[in-house]
Amino acid sequence: MDLFSRSWAALRSAVAGLAPADHAADSGCAGWLVRDLVCHLVIDAQDVLITLATPADAPPTADAAGYWQPQEQAPDGEDPLAALTVRLAAAYQDPALLAFHLDDVGSAAGRAAVLADPDALVSTQDMVLCVRDYLGAYVLEWTLHHLDLVARLPHVAGPDAPSLAAARALLERIAGTPFPAALDDPAALLTGTGRRPPTPEEAALLAAEGTRFPLLLG
């Protein structure tokens, strides 16, 4: 629960500190500029609010790892929802308006998470999860997208060590195997989700341990 708040606050702070020109940079998400990624985060925040207000009266069907369903193909920004996100982001025109919307909706999502009962059950995407697991799944979402945000913006602070470690641990649960200890957390997350190809040395480490990669997550 604390890591959700920590990782989300750090990501929103990074967005708030962007210069207008930063929004036009490429992000780490294929086919998306930084402004498109920020618009996606607005939609994510809305999803958090909706889910926390959607109680379930059935037993859990997934945990934090089960929430994630790896895809057969890497996202390329071409599917209808991704294309809609790009159009929505462009409609803001002024990056300050987009950043304000994220701060507004994102702050509400953060407060809702703090107020939520960790053991309550909620429904989303045809799954039932306890709030603790649902918010835990989002630590991976926030941390991956924080890495996406700073992919071409080295002057912007990335996710902190506790968030990176927690995101890596969850990714390893999804993979069913640990990533090589010689890979640091950002490298494990970026190569493990196909966000960048591994270097020859990283590929050798992954192959030596039989690690399944990449896990193609959004």
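Predicted model: local features only at pLDDT ≥ 70, side-chain atom pairs only at ≥ 80, totals over all residues.

Biologist: Thanks! Why is serine 163 called buried?

Modeller: Buried means under 20% relative accessible area, exposed over 50%, and partly exposed in between, with a 1.4 Å probe and protein chains only. Serine 163 has 1% relative accessibility, so it counts as buried. It lies in helix H6, residues 161-175; helices (H or I, at least four residues) and strands (E, at least two) are DSSP runs, numbered from the N terminus.

Biologist: What makes the pair of serine 163 and aspartate 160 a polar contact?

Modeller: A polar contact is a pair of N or O atoms within 3.5 Å; within protein, one must be able to donate a hydrogen and the other to accept it, and residues adjacent in sequence count only if both atoms are side-chain atoms. The side chains of serine 163 and aspartate 160 are joined at 2.8 Å.

Biologist: And which residues is serine 163 in contact with, leaving aside neighbours within four places in sequence?

Modeller: Those are Leu3, Arg6, Ser7, Val139 and Thr143, where contact means heavy atoms within 4.5 Å.

Biologist: What makes a set of residues a nonpolar core?

Modeller: The members are buried Ala, Val, Leu, Ile, Met, Phe, Trp, Tyr and Cys residues, joined through side-chain atoms within 4.5 Å. The largest such core here has 63 residues, and Phe4, Trp8, Tyr134, Leu140 and Leu149 touch the most other members. Its largest share, 11 residues, comes from H5. Looking at leucine 140, and not counting residues up to four places away in sequence, we find that it touches Trp68, Ala167, Leu170, Ile174, Leu189 and Leu217.

Biologist: How do you know that the span of H1 is close to the expected one?

Modeller: The expected span of a helix is 1.5 Å times one less than its number of residues. H1 has 15 residues and reaches 21 Å from first C-alpha to last, close to the 21 Å expected.

Biologist: Which residues of H1 are buried, and why do we say they are on the same side?

Modeller: The buried ones are Phe4, Ser7, Trp8, Leu11, Arg12, Ala14 and Val15. They cover an arc of only 155 degrees around the axis, which puts them on the same side of H1; the arc is that of the directions from the helix axis to the C-beta atoms. An α-helix has 3.6 residues a turn, so residues three or four places apart point the same way. Asp2, Ser13 and Ala16 are exposed, on the face of H1 turned away from its buried side. The cover over the buried residues of H1 includes H2, H4, H5 and H6.

Biologist: Now the strands. What makes S1 and S2 a pair?

Modeller: Two strands pair if DSSP finds at least two bridges between them. S1 and S2 have four bridges, in the antiparallel sense. Leucine 121 has cysteine 130 in S2 as its bridge partner, and threonine 124 stands opposite methionine 127 in S2. The two strands form a hairpin with two residues between them, and glutamine 125 in the turn has a positive phi of about 50 degrees.

Biologist: Why is aspartate 126 called exposed?

Modeller: Its relative accessible area is 83%, so aspartate 126 is exposed. Aspartate 126 sits in the loop between strand S1 (121-124) and S2, and its phi is near 65 degrees, a positive value in a residue other than glycine.

Biologist: And how do you know that glutamine 93 is exposed?

Modeller: Glutamine 93 counts as exposed because its relative accessibility is 73%. This residue is found in the loop between H3 and H4.

Notes. Residues numbered from 1 in each chain as written. Heavy atoms only, no water.
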